[in-house]
Structure formats: structure tokens, C-alpha cells
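Look over the sequence and the fold, then read on.

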Amino acid sequence: MSAPPTSTGSTKLDAIKQNVAAAEPAKLTGLQLYSRFAFAGAVCCSVTHGGLTPVDVVKTRIQLDPIKYNKGLIGGFRQVIASEGAGAVWTGFGPTAAGYFLQGAFKFGGYEFFKQQSINLLGYESASNNRTAVYLASAAAAEFFADIALCPLEATRIRLVSEPTFANGLIGGFGKIAKNEGFGAFYSGFGPILFKQVPYTMAKFVVYEKVSELIYQTVDKSTASGGAQTAINLGSGLIAGLAAAVVSQPADTMLSKINKTKGLPGEGTTSRLIKIAKELGLRGSYAGIGARLFMVGSLTAGQFAIYGDIKKAIGATGGVEIAK
């Protein structure tokens with residue numbers, strides 16, 4: 001079978017065609033593409049989670065001690081600052097920024113990778129017709145690997161926040177847990193973190209994709225300005241974050257509880273989770289939901305806006321879209 005002709009038969013048309021091709025940015029593939037997705041995801045998650053450390057500190061305190069911290073988000077800030085000083089609200093910044101840098105790389109890079117693998121497996125048309133399932137499966141697979149990277153740093157963060165005198169920062173806290181409790185202690189919350197993060201990420205990506213798809217049915221993406229696309233990413237991300245926060249709140253509370261202290265001798269993670277769930281009840285599992293809605297809504301909006309802007313800046317334009 002002969003190759004298609006590269007010439008149109010007209011010198012002028014050929015020149016125009018070559019100029020257009022030269023002006024178009026080269027589409028990346030393979031490692032070059034997915035490493036850029038991973039980098040954009042790492043930066044957007046690290047910046048947003050790190051910047052919202054004070055909200056996370058207050059949210060965690062409300063979850064761990066709702067009797068003492070019973071005055072909501074603003075009241076919680078005042079209580080922490082009054083008793084421990086302004087610097088206390090930045091407790092856990094190190095493990096938060098480092099942990100979510102790793103997690104963001106796996107989450108966003110993995111999501112794009114598994115989405116492409118689904119398209120390769122199903123074919124473009126079938127993947128497009130079943131895109132909700134593709135979004136959900138890709139998000140779940142990406143988050144599983146992201147949580148393996150995140151879990152030790154999240155365990156360290158929660159210990160630092162729940163016990164302000166435990167250690168000075170990431171290195172000290174990480175080393176102390178490893179020395180006193182063993183490497184397995186970092187993964188005592190792996191079950192709850194999967195239970196929290198996988199539904200959270202599935203809701204986050206599928207709602208974001210669906211909302212942005214609806215918006216782009218009335219807005220032409222090819223002619224939308226960079227500012228307009230960033231605004232759409234912000235709005236879609238905000239709605240996605242609110243939905244994801246509600247879905248994952250009970251597991252987030254359980255994760256805070258299980259990492260606060262080590263279990264009793266011979267007590268397994270499953271039995272601890274069952275005991276914590278019984279103690280909390282439905283109402284208790286949603287302690288701190290106001291702070292978390294604010295936090296997750298803000299950071300998810302910021303994540304998708306930053307992610308989109310960084311992708312454009314570093315030329316990560318080779319991804320395949322399956323939205324109608």
C-alpha cells in the first residue's frame with residue numbers, strides 16, 4: 001500500500017501547509033508526555049495542600065477532639081493560636097508538601113496514563129461511549145499507587161498535628177516513628193487512606209470531567225482564551241472538590257483517629273477501624289465537614305487551574321480527550 005501523497009499539487013498550498021505544520025507545537029508521547037503530566041500534578045498538589053496546611057491542622061484537631069474544638073473553623077483557628085501560638089497552624093507543612101508532591105505526580109500522571117491505556121484497550125469510540133467508567137477506573141488505579149507513596153508522610157503529618165511535642169518537623173517525626181514503632185506503623189492507616197482517597201479521587205476526576213464537558217458544550221475550547229480556560233478549570237474543580245469532600249469525609253475522620261495513637265498489643269488494623277467506626281457513628285464521622293468542604297473545594301479548584309496552566313507552559317499537549 002503506497003503512502004499518501006505529501007504534496008497537494010500546488011506550490012502555494014504546499015507552502016501554507018508546511019508553515020502551519022511548523023507553527024503547531026509537536027505533540028509529545030510516552031515518557032516525555034507522562035513525566036510532564038506527573039510534574040504538573042506534583043506541583044499543583046504540593047502547592048495547594050501545603051498552602052492550606054493551617055486549615056488542615058484545624059480540621060484535624062476538630063476530628064480528634066470535637067469536644068474541645070467545637071467552635072467551627074474560625075473558632076478553631078483562634079483556639080489553636082491562643083494556646084500554642086501562630087506557628088502551630090503550620091504544623092506538618094513539611095510532610096504535607098512532600099507527601100502531596102509525590103502523591104500528585106502519581107495521581108495526575110497515573111490518571112492520564114491509565115486513561116490512555118483504557119482507550120488503547122477499548123478503542124476510541126468505545127472508550128468515549130463509556131467514558132464515565134474509564135474516568136472512574138483510571139482514577140482508582142492512579143490513586144492506589146499514589147497512596148503507596150503518600151501513606152508514610154501522611155502518617156507522620158497526622159502524628160505531628162495530633163501531638164505537637166512529638167517531634168520537630170518531617171525528618172524528626174519520620175525517624176522517630178520508624179525507630180520506635182517500625183516501618184509497618186507508616187502503613188497502619190493504608191486501609192483507611194485507600195477508603196478515603198480512592199472514592200475521593202474517583203469523584204474528583206469524574207465530576208471535574210463532567211462539569212467541564214458541560215461547559216465546553218456551550219464554549220468553544222479551541223477559541224477560548226487562556227484566562228477563560230483557567231476560570232473553567234477553577235469552577236469545575238470547585239464543584240468536583242465539594243462532591244469529593246462529602247464522599248470521603250468518614251474515611252478522613254477515621255484516618256485521623258487511627259494515626260493519632262498506636263494500637264493496643266495484638267490489635268489489628270481492621271479491628272481498630274471497626275472500633276473507631278462504632279465510637280464515631282454517622283454524625284461523628286462528619287466532624288469537621290465545614291472546614292473540609294472549604295479546604296477540599298479550594299484546593300481542588302486550585303489544583304485543576306494550576307495543573308492546566310503548567311501543562312500548557314511545559315508543552316504537555318499530547319493527551320487524548322474522550323469527552324463528546
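Which residues have the most contacts inside the largest nonpolar core? They are Leu 33, Phe 37, Phe 108, Tyr 111, Ile 193, Phe 205 and Tyr 307. Keep in mind that this is a predicted model.

**Nonpolar cores**
- The largest nonpolar core has 39 residues.
- Seven helices each supply at least two residues of this core: helix 2, helix 5 (93-122), helix 7 (131-162), helix 9 (190-216), helix 10 (226-260), helix 11 (269-285) and helix 12 (289-313).
- Another core, of 18 residues, lies apart from the largest one. Among its residues are Val 55, Val 80, Ala 245 and Ala 291.
- In soluble globular proteins, nonpolar side chains tend to be buried together.

**Ile 193**
- Ile 193 is one of the residues with the most contacts inside the largest core.
- Beyond its neighbours within four places in sequence, Ile 193 is in contact with Asp 147, Leu 150, Cys 151, Glu 154, Val 198 and Leu 255.

**Phe 39**
- Phe 39 sits in helix 2, which covers residues 30-51.
- Phe 39 counts as partly exposed because its relative accessible area is 43%, between the cut-offs of 20% and 50%.
- Leaving out residues up to four places away in sequence, Phe 39 touches Ile 310 and Ile 314.
- Gly 104 is 65 residues from Phe 39 in sequence, yet their C-alpha atoms are 8.2 Å apart.

**Helix 8**
- Helix 8 spans residues 169-181 and has 13 residues.
- From first C-alpha to last, helix 8 reaches 18 Å, close to the 18 Å expected at 1.5 Å a residue.
- Gly 182 follows helix 8, and its phi is positive, near 90°.

Terms used:
Residues are numbered from 1 along each chain as its sequence is written. This is a predicted model: local features need pLDDT of at least 70, side-chain atom pairs count only at pLDDT 80 or more; totals for chains, interfaces and linings use all residues. Side-chain values use heavy atoms; hydrogens and water are left out. Helices (H or I, at least four residues) and strands (E, at least two) are DSSP runs, numbered from the N terminus. Buried means under 20% relative accessible area, exposed over 50%, partly exposed in between (1.4 Å probe, protein chains only). Contact means heavy atoms within 4.5 Å. A nonpolar core is a set of buried Ala, Val, Leu, Ile, Met, Phe, Trp, Tyr and Cys residues joined through side-chain atoms within 4.5 Å. The expected span of a helix is 1.5 Å times one less than its number of residues.
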